[in-house]
Amino acid sequence: MRSRFAAFRDGDVAWLLASWHPTTRPAELTLDEAVRWRGLQIVDTVDGAAVDDSGIVEFRATYVADGVHGVLHERSRFVREDGRWFYVDGDFPAQ
């Protein structure tokens, strides 16, 4: 999760696509250059340890876009294949 946040923050589309599971990965990804990612708070994790093949990370990521501060709150699902973690999808919990 932290590496995906860093990729969004740094605009690293290649890493984002490589970290996305092939079954849910978009064909292309365009990041909004007006969005500046500022911080990441991990709220909860479920599984995702060395012995697990799946895990969930709930997080809040803060950003600034056109002078307005915002928060993205997501509960993301990951799977591990061949020793590597991939983002599958996520839900947006009610605030």
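Is S19 buried or exposed, and what is its relative accessible area?

Analyst: This is a predicted model. S19 is buried. Its relative accessible area is 4%, and buried means under 20%, so S19 falls within that class.

Now its place in the chain. S19 sits in a loop. That loop runs between α2 (13-18) and β1 (35-47).

Next, its surroundings. A polar atom of the S19 side chain lies 2.9 Å from the backbone oxygen of L16.

The protein has two helices and four strands. Read from the N terminus, their order is α-α-β-β-β-β. The radius of gyration is 14 Å, close to the 12 Å given by the globule rule for 95 residues, so the protein is as compact as a globular protein of that length. Along the principal axes, its C-alpha atoms fill a box of roughly 45 × 30 × 20 Å.

S19 belongs to the buried residues, which make up 31% of the 95 residues. Take the contacts between residues at least 6 apart in sequence: 39% of them join residues at least 24 apart.

Last, the surface and the charges. The accessible surface comes to about 6,000 Å². Carbon and sulfur atoms hold 51% of that surface. The protein has 11 positive and 16 negative charges, and their mean positions are 4 Å apart.

Note on methods
Residues numbered from 1 in each chain as written. Predicted model: local features only at pLDDT ≥ 70, side-chain atom pairs only at ≥ 80, totals over all residues. Heavy atoms only, no water. Rg over C-alpha atoms; globule rule 2.2 N^0.38 Å. Buried < 20%, exposed > 50% of the residue type's maximum accessible area, 1.4 Å probe, protein only. Contact = heavy atoms within 4.5 Å. Areas by Shrake-Rupley, 256 points an atom, 1.4 Å probe, with all protein chains shown as cover. Lys, Arg positive; Asp, Glu negative; His and termini not counted. Charge placed at Lys NZ, Arg CZ, Asp CG, Glu CD. Polar contact = N/O pair within 3.5 Å; in protein donor to acceptor, adjacent residues only side chain to side chain.
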